[in-house]
4 protein chains.
Amino acid sequence: MSPKIVNKAEKRREIGQRALACFAREGAVVTSMSQIARAVGVGKGTLYEYFRSKEELITYAMELYVEAIEEQVSRMLDGIADPKERLRFYAISVAEHIIDDPKTAGVMLAIFQLLISDQSNNQPAALKGMFRQARQTITSILREGAENNIFTEKAGREAETIAINCIAIVDGLWMHAMASGDIDLKHQINHYLDGLYRLIEAETV
Amino acid sequence: MSPKIVNKAEKRREIGQRALACFAREGAVVTSMSQIARAVGVGKGTLYEYFRSKEELITYAMELYVEAIEEQVSRMLDGIADPKERLRFYAISVAEHIIDDPKTAGVMLAIFQLLISDQSNNQPAALKGMFRQARQTITSILREGAENNIFTEKAGREAETIAINCIAIVDGLWMHAMASGDIDLKHQINHYLDGLYRLIEAETV
Amino acid sequence: MSPKIVNKAEKRREIGQRALACFAREGAVVTSMSQIARAVGVGKGTLYEYFRSKEELITYAMELYVEAIEEQVSRMLDGIADPKERLRFYAISVAEHIIDDPKTAGVMLAIFQLLISDQSNNQPAALKGMFRQARQTITSILREGAENNIFTEKAGREAETIAINCIAIVDGLWMHAMASGDIDLKHQINHYLDGLYRLIEAETV
Amino acid sequence: MSPKIVNKAEKRREIGQRALACFAREGAVVTSMSQIARAVGVGKGTLYEYFRSKEELITYAMELYVEAIEEQVSRMLDGIADPKERLRFYAISVAEHIIDDPKTAGVMLAIFQLLISDQSNNQPAALKGMFRQARQTITSILREGAENNIFTEKAGREAETIAINCIAIVDGLWMHAMASGDIDLKHQINHYLDGLYRLIEAETV
DNA sequence: AATGAATGAGTTTTCATTCAT
DNA sequence: TATGAATGAAAACTCATTCAT
């Protein structure tokens, strides 16, 4: 019956990916649907076959971006056992993922902008979830560390607070790194974590 | 010599201030020149007597914003002598200044976006300066603390690195606080600084 | 000979019917081919197998509509013998057919619009025929009435003129009734016909 | 203060007039704002300086049209004293006003369409008023005639009903005249009115 | 110097129509 | 024959900017 068999979900994803590239290059708001269509290599109208509106496309693209980071980082984390290493690796790889493709930073900022402005909206639930997810990952690392007597018991108790600070410093750092151009991201993160570890490392007798 | 010149600068400032209020309320991109003109109480054309373009007006308004924060914070800092107190106060007052008027966060994000995207541009020099300024303020506090034997000598040497992390965590925190809605900003900052102070406080015999 | 041909005409009719329902519900101009296709239960492309264009489909649907009214009314007329009753019934049932399903009025207006604007077009011949048909029906009623000495001889001679006025008043009335909302259609028609009958009724000795 | 003194109301009117011509030529729905702008001789954007939306422009143009008819007809009516003449003149001049500029009929139909579809809307109040106005004019003519013993007392009592029928037949007639092309408007109206007068004329002793 | 009327390029979105399957 | 994915022309509308006054 279907004359042309098209995997709609797949194409949707592809459009989202290409749109993401545009957003990263120029900013989501100022990227026009025409530009996206050209970038994807389809007609303007086709975009509306896959997304009800520009907003929906933006949100979807951001979700893709967030998924990608999460997946990549968590995959990399799998190979590391030591909680200290895990935490350090997590922080640095997130930061570098953003710095490596500097255009990506714009997407990250756009996500923040969306979450800050559209607090009533229901769509960006997936985006909000991303932060919760990240927070949880770090909290877990800290708690596990505490359980395994690598971090202090107190660190385990304060895991959530520490996790939030970790994430905040990482995000704050890449932002400033991108804005200023003279910040050594790795050095900053290591300095922070070295201090943190001195504070929360359990005394090994 | 001619009083006109003073007036021109003054009016420019006034327009910038009112525009800033609009930007905070609605976001710089979606605020139209008509809206600004109405808010300022002048004709649309008049805006172009004082600014070559909307972009110039936006940038100028952001500079005003940044100046205002800097000034306010530095004025408040004057009354505080203890470096530890000074640092804590600095961090918390910056964060709360943004959180108190949540719309302001949008301006802050816009500034970052501007700095990240327009790295070639020469206009946002003043904005870039802001971060340097802030960094310097904190660096100074730390160095002074080290000189007065309140912080370790090492803290004095690493003052710049610590300052960057301080700023980064503050900016990261208000962003996440605004985006997530369930973060106790003060608690997070205090937790970070308490840890920091344990690390850099000089042993008082 | 081939059964396909029968099917084709039948399906064409079915599509027209369903399209008509859409037009009545929403207006022909704003009803999209997609909507029609969905309502009919076929693919968008299929519509173009049966109609060269949307316009052709619209015209055809209107023809169906007109046929339906004609058929319904004439079927009902069959049971009535008295010319006065026939005329009254005709007028009222046409008017009420339109008022009962108010959306239908839009179709009627669209038909007028089509006829008024597209005077060059050859397609709406069937539509034009409808009015001629109606005129003839009423003319016949009047002439028969005159022959049977129920209406005056003069009425028989002026039958065409009277018929046109009859139709005009009926169409004018439902239009104003729909537009104004405070017109008692039946009362108006009866008032008109009562007057008419006083004028054209043959004196029964 | 005003750099360019423009009578906004006047220009609004002028735009409305030219738009009306477009609507008459092509139909309000299918006339694009670009076409109107070109016809008026201004830029697209200028239209939106005077009308918030296309809908507002359409409604306004129709109001102009209605006003024009009303004014013209009532001005002509002034010179006529005899109620019978007045009524006849009213009916014929309205009908001919529409027939004379056949394009105008499209506007009339569009007004009906608007009133029939948009019964919730508040804008076309002025349009609705037009029909009430016309009804009242005719009702008054009939009542005055009855008072002056030209029409029967009964005609005075039924004035409203008769007025509605009068208007309906006139509107129905020009519609059918335009649609069919073979109707003698004047003859039809005269035939109707001659009949009516026979019915409602007071017996002069 | 100040103004606001005028503008048109550019935006998002719709939809009749085509055509490969 | 039937389909629906793809399309691009066209629509309504916005707004930064210009310029005559």
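Contact here means heavy atoms within 4.5 Å. The structure is a predicted model, in which local features need pLDDT of at least 70, side-chain atom pairs count only at pLDDT 80 or more, and totals for chains, interfaces and linings use all residues. Residues are numbered from 1 along each chain as its sequence is written, chains are lettered from A and ligands numbered from 1 in the order in which they are written, and side-chain values use heavy atoms, with hydrogens and water left out.

Leaving aside residues up to four places away in sequence, C:Cys22 touches C:Gly27, C:Thr31, C:Ile36 and C:Ala39. C:Cys22 counts as buried because its relative accessibility is 4%, where buried means under 20% relative accessible area, exposed over 50%, and partly exposed in between (1.4 Å probe, protein chains only). C:Gln35 is 13 residues from C:Cys22 along the chain, and 7.9 Å separates their C-alpha atoms.

Chain A has 10 helices and zero strands, and its C-alpha trace spans about 70 × 45 × 35 Å along the principal axes. Of the 205 residues in chain A, 49% are buried. Among the contacts in chain A with a separation of 6 or more, 68% come from residues 24 or more positions apart.

Chains A and B come together through their α10 helices. The axes of helix α10 (residues 185-200) of chain A and helix α10 (residues 185-200) of chain B come within 10 Å and cross at roughly 80°. These axes are lines fitted to C-alpha atoms, for helices over the stretch in contact, with angles from 0 to 180 degrees between N-to-C directions. The two helices are therefore roughly perpendicular to each other, on a scale where angles under 35 degrees count as roughly parallel, over 145 as roughly antiparallel, 65 to 115 as roughly perpendicular and the rest as oblique. In this meeting, A:Tyr192, A:Gly195, A:Arg198 and A:Leu199 face B:Tyr192, B:Gly195, B:Arg198 and B:Leu199 in contact. By class, four residues of the α10 contact are nonpolar, two polar and two charged (Ala, Val, Leu, Ile, Met, Phe, Trp, Tyr, Cys and Pro count as nonpolar, Asp, Glu, Lys and Arg as charged, and the others, Gly among them, as polar). By contrast, no contact joins chain A and chain D, and their closest C-alpha atoms lie 21 Å apart. Chains B and D also lack any contact, with 10 Å between their closest C-alpha atoms.

Turning to the rings, the whole structure holds 14 aromatic pairs over all chains. One of them joins B:Phe51 and B:Tyr60 in a tilted arrangement, 5.4 Å centre to centre with 50° between the planes. Rings of Phe, Tyr and Trp (its six-membered ring) pair if their centres lie within 6.5 Å; planes under 30 degrees apart count as stacked, over 60 as edge-to-face and the rest as tilted. B:Phe51 is buried at a relative accessible area of 2%, and B:Tyr60 is buried at 13%. B:Arg12 lies over the face of B:Tyr60, at 4.5 Å from the ring centre; this requires NZ of Lys or CZ of Arg within 6 Å of the ring centre and within 35 degrees of the ring normal. In chain C, C:Arg12 lies over the face of C:Tyr60, at 4.5 Å from the ring centre.

Key
Helix = DSSP H or I, 4+ residues; strand = E, 2+ residues; numbered from the N terminus.
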